[in-house]
Amino acid sequence: MAQALDPHAAIATTASGVETDDGPLRTADGMPLARALARSQTQARRRAFLLVLPLLAFVMITFVVPIGQMLQRSFYNDGFSANMPQVSEWFAATEPGTEPGEDGWAALAADLQASAEARTIGVVGTRINYDVPGTRSLFTSTGRKVRDGIEPPYREALLEIDEEWGDPVLWGAMRQASTPLTTNFYLASVDRTRAPDGSIEQVDPRQRVYVMLFMRTFWLSALITGLTFLLGFPIAHLLATLPTRKSNLLMILVLLPFWTSLLVRTTSWMVLLQQQGVINDILVWLGVIGNGGRLQMIYNQAGTIIAMTHILLPFMILPLYSVMRTINPSYVRAARSLGATSWTAFRRVYFPQTLPGLGAGALLVFILAVGYYITPALVGGSSGQLISNMIAMHMTDTLNWSMAAALAAILLGSVLLLYWIYDRLVGIDNLKLG
Amino acid sequence: MALPTYASPLERIWHWAYLVICGLIFFFLIAPIVVIIPLSFNAEPYFTFTEKMRSFDPEGYSLRWYRSLLTFGMQNPDATGTAFWADTWANAKWVNAAKNSIIIGFFSTILATFLGTLAALGLSRPEMPFRRPIMAIMISPMIVPLIITATGMFFFYSNPCSMLTVFGHSGQCGRLAGTYLGVILAHATLGIPFVIITVTATLVGFDQSLNRASASLGASPRRTFFKITMPLILPGVISGALFAFVTSFDEVVAVLFIAGPDQQTIPRQMWNGIREQISPAILAVATILVLFSIALLTTVEMLRRRSERLRGLTPQ
């Protein structure tokens, strides 16, 4: 801080020396004042930046670049092209749709043999398997047979091992995989596929899952945002209008769930909502439902909606509350004294003033809901799964990492768009916690 | 909130209805958390209040699930005295999970708080260039869906040098996945936004002339920082650190993707328990965690009030 003071000190010294000097204002050591100021500002900027730099580098290395690398998998997959160089070259040299001649078959056989020896045949098979399901075993079993050598004519030799090698769909898929860049995973994310002739078509109706999942994710997130608004608005209003002492006390009831572990809250909902759980027991005891008619409130969409609304509610209440606290009550009083009914005063005067908090809360809840994973995984059953659960499934079960990356890219794109809007409307600086 | 004297009967009815609605919403907020506490003392392996519990029969309640937290995974659960505690400390799964959670939480909090506070100090200076985009990048770990973060980290921690291939490096150098360091780094990344937010919030009301006064009285920048700035922003730093700790303590997705069998944490153990076979032992853990969050909440609230008092924001 001491250095930052220098320019001011310099102005003072130079100002006293101005009378004897006709040139531009100079600092004590003779430097033009404008330059000294610019230099000290640059220094201050550099110092501020140096404070931020370690964290920026840390976040870049452990967060931004890894996500970038992961997303690269969505359009870049060299599983085939890197391990099958000769046949990839043959594809590059020929027109799409060319019947493979003996040179093509020879390249394929040589690559299969080399790849089987290098034990990369599984990777190759996996890559083709994404486009033509069920072909991974074709590659691995053929690999085992050709590892110890294969005799020409290669076409007949390979067809003898497996008839499927003659399938034009397979050759079409191999042609597409012969360049590492691909849009196929994005096409698959919107339930589209590339026909052998290169045109884009919808997949079989029974396999159309992703568009439906995206729609469900956005629809449920919107619904949960709406529910948190309905439940959060009265609470925030009550907290904002009560005297400080009382509202601080009631605030604890909002903050305690906020600070409680996500898994704990999800577990409590499992305990409450299950068929042998507390809520069903109470309903049976009250005679609302019979013992045989216990409600199924968990392991379905209802479970996801209830649990997520509860978990995200504080994120709506807190921004609403902080805006409502600043609203001057005399506006509503003025409206009333001018003859407005309490409903009109609320609708025309009070509510519009809460919009900034409402926008902030709604965006925050929606952003968090769209990416939710744990709660739907535990209480969602099959009808309450969101897109995050599909990404996790591709990561851990099907091991189709490129597909996971493509879905993640679309999800990330929509979240970042909302984040940008949030920054525009609310400003990230105004994000408050508790 | 008192009704004005000129309120019409309809407004009075609405006012009371409104209070009842608010009461119900508060009930919705708090009941699910409170209800697990008595259920964790259930003598039976059920998730509901048994006949005996409802009639407050002492036989309906027991500490068996708390005991099972200590014995689950032990080699010899029938041991007594010192042998029991030694066995528990070494082998019990929940105890190990607690140890791991505390170790990982502690170090990731230190890292996040140190880097985050430095950065917040830089970001709060008026001359900071590219303030908005840099802030946006640093807050993004909180905004980006956890599953995406975890997926990216999974690949990165499996082979951390892969990003060096651009510079001609071979791209191979061990792995961070399945190590404590990996999980600590990952959790530090996730905790950083909270530290940035709380510390910059404290610095918003910070009176820069205090620093100038200190400098004009001859203090070095370092002395000014430790004697003037630090004590004033300390409440913000501590509550940021608590947020970072809670984030790490409650995090399961990144742990699922990058931790190995040695880094079982409490949330992961809970996750396994819930997915495989949920028993009231989970409720015992949950109860302990709720008490833990009450303690944390109290601390943070006290810090916040102290900070506001120090900065003179609330004239009390």
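What is the handedness of the crossing of α2(A) and α8(B)? The crossing is left-handed, and the legends below place it among the other features of this predicted model.

Figure 1. Chain A contains 19 helices and 2 strands. Its radius of gyration is 32 Å, whereas the globule rule gives 22 Å for 434 residues, so chain A is more spread out than a compact globule. Taken along the principal axes, the box filled by the C-alpha atoms of chain A is roughly 95 × 95 × 40 Å.

Figure 2. An unreviewed UniProt entry lists residues 48-68, 218-240, 247-264, 302-323, 357-379 and 399-422 of chain A under "transmembrane region". Residues 357-379 of chain A are 87% helix and 0% strand, with 30 Å between the end C-alpha atoms. The unreviewed entry in UniProt also places the feature "domain: ABC transmembrane type-1" at residues 214-422 of chain A. That span is 79% helix and 0% strand, and its end C-alpha atoms lie 21 Å apart.

Figure 3. Residues 232-258 of chain B are 89% helix and 0% strand, with end C-alpha atoms 38 Å apart. Residues 278-300 of chain B are 91% helix and 0% strand, and here the end C-alpha atoms are 32 Å apart.

**Figure 4. The interface between chain A and chain B.** Contacts link 84 residues of chain B with 78 residues of chain A. On the side of chain B that touches chain A, the largest share, 14 residues, comes from helix α1 (residues 9-39) of chain B. By class, this side of chain B comprises 66 nonpolar, 13 polar and 5 charged residues.

**Figure 5. Helix α2 of chain A against helix α6 of chain B.** Two packed helices are described by the angle between their axes and the distance between the axes. Helix α2 (residues 33-72) of chain A packs on helix α6 (residues 131-143) of chain B at an angle of about 50°, and the axes are 10 Å apart. This angle makes α2(A) oblique to α6(B). The crossing of α2(A) and α6(B) is left-handed. From α2(A), the residues V52(A), L55(A), L56(A), V59(A), F63(A) and V64(A) take part, and they meet I134(B), I137(B), M138(B) and P141(B) of α6(B). The contact of α2(A) with α6(B) has 10 nonpolar residues, with no polar and no charged ones.

**Figure 6. Helix α2 of chain A against helix α8 of chain B.** Helix α8 (residues 180-204) of chain B packs with α2(A) at an angle of about 120°, with the two axes 10 Å apart. That angle makes α2(A) oblique to α8(B). As stated at the outset, the crossing of α2(A) and α8(B) is left-handed. Here L55(A), V59(A), T62(A) and F63(A) in α2(A) meet L185(B), T189(B) and I192(B) in α8(B). The contact of α2(A) with α8(B) divides into 5 nonpolar and 2 polar residues, with no charged residues.

Terms used
Residues are numbered from 1 along each chain as its sequence is written. Chains are lettered from A and ligands numbered from 1 in the order in which they are written. This is a predicted model: local features need pLDDT of at least 70, side-chain atom pairs count only at pLDDT 80 or more; totals for chains, interfaces and linings use all residues. UniProt positions are given in the numbering used here, feature names are shortened, and annotations may be inferred rather than shown by experiment. Helices (H or I, at least four residues) and strands (E, at least two) are DSSP runs, numbered from the N terminus. Two residues are in contact if their C-beta atoms, placed from the backbone, lie within 7 Å. Ala, Val, Leu, Ile, Met, Phe, Trp, Tyr, Cys and Pro count as nonpolar, Asp, Glu, Lys and Arg as charged, and the others, Gly among them, as polar. Axes are lines fitted to C-alpha atoms, for helices over the stretch in contact, and angles run from 0 to 180 degrees between N-to-C directions. Angles under 35 degrees count as roughly parallel, over 145 as roughly antiparallel, 65 to 115 as roughly perpendicular and the rest as oblique. A crossing is left-handed if the near helix is turned anticlockwise from the far one by less than a right angle, and right-handed if clockwise. The radius of gyration is taken over C-alpha atoms; the globule rule is 2.2 Å times the number of residues to the power 0.38.
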